[in-house]
Amino acid sequence: MIPDNKPDRAARDRIWAWLADIPDPEIPVISIVDLGIVRGVSETDGGVEIRLAPTYSGCPATEVIERTVVDTLRHKGLGDVTIRRVLSPPWSTDWISADGREKLRKYGIAPPAGSASKSELLGPLRDIACPRCDSRSTRLVSEFGSTPCKASYKCDDCLEPFEYFKCI
Amino acid sequence: MDDKKRLTSYLLRLGDNALILGQRLVELVAKGPELEEELANANFALDYLGQARLFYSYAGELEGQGRGEDDFAFLREEGEFRNFLLVEQPNGHFGDTIVRQVLFDAWYLLLLEQLADCGDVRLAEIAARAQKEIRYHLRHCSQWLVRLGDGTEESRERVQASLERLWRYTGELFADDELDRFVRERLGGPDPGEIERCWQARVAAVLEEATLSMPPAQWMASGGRSGRHTEHFGYLVAEMQYMQRAYPGLSW
């Protein structure tokens, strides 16, 4: 059908476009393509294989995302759809697209700041800009929020709480 | 024992540590000292459970007898679990929980960093994924240890007592047996001696910042690796396995 390495670009782009319409179940304004979860698309006998990178080891959305990908592509008539979980290299917030970061910010979630390097993870906390008023007078309330990937912050200027998508 | 069996047993040890510690942290849900800490512990538990699932799934495939993650978690007897005694210790008060977390995560992070470079591709992948999560655990819990140690007289006294109570379970983390040697020699895996040296240095640094004293060298408890657990373990396993035992084949 439509492997990445064949020149049938229009067909391949179509699959990627369908995948880009699949939202993250927890943060519906951002797609699984924006999040960098989709690692590749290739042809199999009678269908396609989609390679996905799980975000956190314990992320409860992983299976939901896989089922949604299968259901969506089957519904588009793609025959046999298989998912392959790719653990290596491990998913990183560095893979979130610039577009994705902006969508997060507009939704009220501060996007990851800096890179996911080891020194960053063990180093001092950065100043995070408030997604509503852009102030840098914000403070960490808790390293953990409603999901493992987010921390809880509060803005000292507009006084609103917000979540921050942590670098990992 | 052939290599596949050795690797399966090694994976089960890792899965058991993650599962049991995850189970302990799940006990804190609706009982945390404050909402943010409850969220933190629930998040840690989720990380551990996710890692346990990855280790168990791989072990099940290698074993090739049709056992999966649920069989390992819910249908084994106490003596079959191979977790460290440290992770099955009760949550106690917040200081006990934090000390247990720091002592274990400081070891676990070092282990994962080395396993991420080992010769078994899938094990290395799981370790590479997990180490990023454990870094957050260690950062959070080390900061709490410093606050509790360098806090009030009462908080320091209590958390020093936690340290004294749990120290005897740390020796087991560095034992070097046939499975460790197999992973080191055949897969280029971690060296327990080196991990112990790094662990001592990291723990010493946190304790110093927390104005706590490192307990003296002492007799160390062991037995987890051979399935001989402390008196707490039976209760934990009974609660964890109750639903599956009462309603065999139950699924969500």
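A polar contact is a pair of N or O atoms within 3.5 Å; within protein, one atom must be able to donate a hydrogen and the other to accept it, and residues adjacent in sequence count only if both atoms are side-chain atoms. By this rule, seven residue pairs, both members at pLDDT 80 or more, are in polar contact across the interface of chain A and chain B. The model is predicted, so local features need pLDDT of at least 70 and side-chain atom pairs count only at pLDDT 80 or more, whereas totals for chains, interfaces and linings use all residues. Residues are numbered from 1 along each chain as its sequence is written, chains are lettered from A and ligands numbered from 1 in the order in which they are written, and side-chain values use heavy atoms, with hydrogens and water left out.

**Interface of chain A and chain B**

- Contact (heavy atoms within 4.5 Å) joins 28 residues of chain A to 24 residues of chain B.
- The two chains bury about 2400 Å² between them, with 59% of it on carbon and sulfur atoms; buried area is the accessible area (1.4 Å probe) that two parts lose on being put together, summed over both.
- Two salt bridges are counted between chain A and chain B, a salt bridge being a side-chain nitrogen of Lys or Arg within 4 Å of a carboxyl oxygen of Asp or Glu.
- A:Glu63 and B:Arg53 form a salt bridge through their side chains, at 3.0 Å from N to O.
- On the side of chain A that touches chain B, helix H4 (118-122) and strand E5 (138-142) each supply at least two residues; helices (H or I, at least four residues) and strands (E, at least two) are DSSP runs, numbered from the N terminus.
- H4(A) gives the largest share of that side, four residues.
- The side of chain A that touches chain B is made up of 14 nonpolar, nine polar and five charged residues. Here Ala, Val, Leu, Ile, Met, Phe, Trp, Tyr, Cys and Pro count as nonpolar, Asp, Glu, Lys and Arg as charged, and the others, Gly among them, as polar.
- A network of salt bridges links A:Glu63, A:Glu66 and A:Arg85 with B:Arg53 and B:Glu69.

**Architecture of chain A**

- Chain A has four helices and seven strands, and along the sequence they follow the pattern α-β-β-α-β-α-β-α-β-β-β.
- The C-alpha trace of chain A spans about 55 × 30 × 30 Å along its principal axes.
- Of the 168 residues of chain A, 50% count as buried; buried means under 20% relative accessible area, exposed over 50%, and partly exposed in between (1.4 Å probe, protein chains only).
- Among contacts in chain A between residues at least 6 apart in sequence, 50% join residues at least 24 apart.
- Chain A exposes about 8000 Å², of which carbon and sulfur atoms supply 49%. Accessible areas come from the Shrake-Rupley method with a 1.4 Å probe, and for residues only the protein chains shown count as cover.

**Salt bridges within the chains**

- Over all chains, the count comes to 31 salt bridges.
- In chain A, the side chains of A:Asp34 and A:Lys103 meet at 2.7 Å, N to O, in a salt bridge. A:Asp34 lies in the loop between helix H1 (9-19) and strand E1 (38-44) and A:Lys103 in helix H3 (residues 98-107), so this pair ties together parts of chain A that are 69 residues apart in sequence.
- A:Asp34 counts as buried at 10% relative accessibility, whereas A:Lys103 counts as partly exposed at 31%.
- In chain B, a salt bridge joins the side chains of B:Asp3 and B:Arg186 at 2.6 Å, N to O. This pair links distant parts of the chain, with B:Asp3 in helix H1 (residues 3-26) and B:Arg186 in helix H8 (residues 178-187), 183 residues apart.
- B:Asp3 is partly exposed at 29% relative accessibility, and B:Arg186 is exposed at 56%.

**Backbone features of chain A**

- A:Ser88 and A:Pro89 are joined by a cis peptide bond, with omega about -5°; A:Pro89 lies in the loop between strand E3 (80-85) and H3.
- A:Asp134, in the loop between H4 and E5, has phi near 70°, a positive value in a residue other than glycine. At 52% relative accessibility, A:Asp134 counts as exposed.
- A:Leu159 has phi near 70°, again positive in a residue other than glycine. This residue is found in the loop between strand E6 (150-155) and strand E7 (161-165), and A:Leu159 counts as exposed at 55% relative accessibility.
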